[in-house]
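Subject: A structure for you to look at

Hello,

I am passing on a structure that is new to you, with some notes on what turned up in it. Please have a look at it before reading on.

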Amino acid sequence: MLRGFKNFLMRGDVIVVAIGLVTALAFSTLIKAFTDSVINPIIARLQGGKAVGLGWQLGQEGNNATYINIGSFIGALIYFIIFMAVIYFLIVMPYKYTQARRGAEVFGEPGPVKTCSECLADDIPEAARKCRYCASDRPRME
């Protein structure tokens with residue numbers, strides 16, 4: 001049982017995913033600090049005055065539970081965009097390039113598909129002889 005688990009962990013794909021996750025978490029902390037320390041103060045300053053942030057107070061003045069903070073949402077949106085750009089350009093692009101050099105295509109367009117007449121699954125590869133869901137025989141489309 002432990003040998004099977006070890007073989008699973010040592011597969012190349014699992015290692016790549018683990019490295020990507022650790023890298024993403026490191027960049028996540030960095031980008032969160034950037035949005036909290038740089039972007040959010042700029043957004044709060046744009047509102048002017050002694051406002052807590054960009055937003056509206058719905059209840060009693062000074063009650064943070066009834067304050068709609070649009071500035072925090074904009075900061076989170078900027079955080080998400082920066083984070084996804086970093087992941088794409090520092091993890092996905094090099095991975096695609098490395099796999100292309102090995103002759104494997106990743107993140108490409110899916111091939112042509114057909115619909116199973118038995119279970120109506122519409123994502124069966126065109127060259128498949130059996131449906132992956134109901135195991136019914138599928139004639140090849142030529």
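One term first: a contact, or touch, means heavy atoms within 4.5 Å. With that in hand, Q99 touches A104 and V106, leaving aside residues up to four places away in sequence. Q99 sits in helix α3 and counts as buried, at 11% relative accessibility. Buried here means under 20% relative accessible area, exposed means over 50%, and partly exposed is in between (1.4 Å probe, protein chains only).

Some ground rules. This is a predicted model, in which local features need pLDDT of at least 70 and side-chain atom pairs count only at pLDDT 80 or more, while totals for chains, interfaces and linings use all residues. Residues are numbered from 1 along each chain as its sequence is written, and side-chain values use heavy atoms, with hydrogens and water left out.

The overall picture

The protein has 3 helices and 4 strands, in the order α-α-β-β-α-β-β from the N terminus on. These elements are DSSP runs numbered from the N terminus: helices are H or I with at least four residues, strands E with at least two. Of the 142 residues in the protein, 18% are buried. The accessible surface comes to about 11100 Å², and 65% of that belongs to carbon and sulfur atoms; such areas come from the Shrake-Rupley method with a 1.4 Å probe, and for residues only the protein chains shown count as cover. If you take the contacts between residues at least 6 apart in sequence, 26% join residues at least 24 apart.

An unreviewed UniProt entry annotates residues 12–31 and 67–92 as "transmembrane region". UniProt positions are given in the numbering used here, feature names are shortened, and annotations may be inferred rather than shown by experiment. In the model, residues 67–92 are 88% helix and 12% strand, with the end C-alpha atoms 38 Å apart.

Which residues make up the largest nonpolar core? They are A24, I31, Y79, F83, V86 and I87. A nonpolar core is a set of buried Ala, Val, Leu, Ile, Met, Phe, Trp, Tyr and Cys residues joined through side-chain atoms within 4.5 Å. Both α2 (12–47) and α3 (70–102) supply at least two residues of this core, and the largest share, 4 residues, comes from α3. F83 touches A24, F27, S28 and I31, again not counting residues up to four places away in sequence.

There is also a second, separate core of 5 residues, among them C116, A121, I124 and C131.

Together with F73, L77, F80 and I81, M84 makes a nonpolar surface patch of about 530 Å². Patches are made of residues with over 30% relative accessible area and no salt bridge, with like charges joined within 9 Å and nonpolar side chains (Val, Leu, Ile, Met, Phe, Trp, Tyr) within 5 Å.

Side chains of opposite charge can pair when their charged atoms come close. Here the partners are D137 and K130, at 3.1 Å from N to O. D137 counts as exposed, at 54% relative accessibility.

Two backbone angles are worth a look as well. L120 has a phi near 65°, a positive value in a residue other than glycine. L120 lies in the loop between β3 (113–114) and β4 (124–125) and is exposed, with a relative accessible area of 62%. A135 has a positive phi of about 65° too, although it is not a glycine. A135 lies in the segment after β4 and is partly exposed, at 48% relative accessible area.

Methods:
A salt bridge is a side-chain nitrogen of Lys or Arg within 4 Å of a carboxyl oxygen of Asp or Glu.
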